[in-house]
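Subject: Structure handover

Hello,

Here is the structure I promised you. Please have a look at it, then read my notes below.

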Amino acid sequence: MTALNVLGTPLRACSYDPLTGYLRDGCCHTRPDDTGSHVVCARVTAEFLAFSKARGNDLVTPRPQWRFPGLKPGDRWCLCALRWQEALDAGCAPPVVLESCHARALEHVALDDLKAHAWVKA
């Protein structure tokens with residue numbers, strides 16, 4: 001079965017460099033043991049990275065044992081849906097790639113909010 005994105009079309013890859021996804025397959029796929037629901041493909045910003053670190057989730061420091069390279073502003077990464085919502089509520093939600101956000105994101109965040117934060121290539 002093909003996974004769908006929040007727009008109802010086939011899910012597209014979020015990032016292969018750095019390699020993202022709960023399954024580290026480049027996509028924001030999910031499964032029952034993904035308790036964080038890593039389904040929002042975001043283009044992280046410095047502001048969001050600082051926010052996440054302040055909330056106890058350091059996304060900057062590399063963690064090779066978890067195949068985590070550490071992120072820098074501009075990287076695309078599959079974020080936990082509730083963390084993205086928390087950042088939205090705090091006014092620092094990073095832009096998202098709608099075609100790469102898994103449809104399960106809609107269980108936690110509103111489509112209108114995702115659309116309002118859609119990343120558009122310049």
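From the N terminus on, the order of elements in the protein chain is β-α-β-α-α. That makes 3 helices and 2 strands. Please keep in mind that this is a predicted model.

Overall build

The radius of gyration is 13 Å, close to the 14 Å that the globule rule gives for 122 residues, so the protein chain is as compact as a globular protein of that length. Its C-alpha atoms fill a box of roughly 35 × 30 × 30 Å along the principal axes. Of the 122 residues, 43% count as buried. Among contacts with a separation of 6 or more, 65% come from residues 24 or more positions apart.

The accessible surface is about 6500 Å². Carbon and sulfur atoms hold 54% of that surface. As for charges, there are 14 positive and 13 negative ones, and their mean positions lie 5 Å apart.

Disulfides

A search of the whole structure gives 2 disulfides. In sequence order of the bonded cysteines, the pairing is 1-3, 2-4.

One of them joins C14 to C41, with an S to S distance of 2.1 Å. C14 lies in the segment before β1 (38-43) and C41 in strand β1, so this pair ties together parts that are 27 residues apart in sequence. The torsion about the S-S bond of C14 and C41 is about 85°, so the disulfide is right-handed. Both C14 and C41 are buried.

C28 and C78 form the other disulfide, and here too the sulfur atoms are 2.1 Å apart. C28 sits in the segment before β1, and C78 in strand β2 (residues 76-80), so the bond ties together parts that are 50 residues apart in sequence. The torsion about the S-S bond of C28 and C78 is about -95°, so this disulfide is left-handed. C28 is buried, with a relative accessible area of 0%. C78 is buried as well, at 2%.

Cysteines C80 and C92

What keeps C80 from a bond with C78? The sulfur of C80 is 10 Å from the closest cysteine sulfur, in C78, and that is too far for a bond. A disulfide needs sulfur atoms within 2.5 Å. For C92, the closest cysteine sulfur is in C80, 15 Å away, again too far for a bond. C92 counts as buried, at 5% relative accessibility.

Best wishes

Notes. Residues numbered from 1 in each chain as written. Predicted model: local features only at pLDDT ≥ 70, side-chain atom pairs only at ≥ 80, totals over all residues. Heavy atoms only, no water. Helix = DSSP H or I, 4+ residues; strand = E, 2+ residues; numbered from the N terminus. Rg over C-alpha atoms; globule rule 2.2 N^0.38 Å. Buried < 20%, exposed > 50% of the residue type's maximum accessible area, 1.4 Å probe, protein only. Contact = heavy atoms within 4.5 Å. Areas by Shrake-Rupley, 256 points an atom, 1.4 Å probe, with all protein chains shown as cover. Lys, Arg positive; Asp, Glu negative; His and termini not counted. Charge placed at Lys NZ, Arg CZ, Asp CG, Glu CD.
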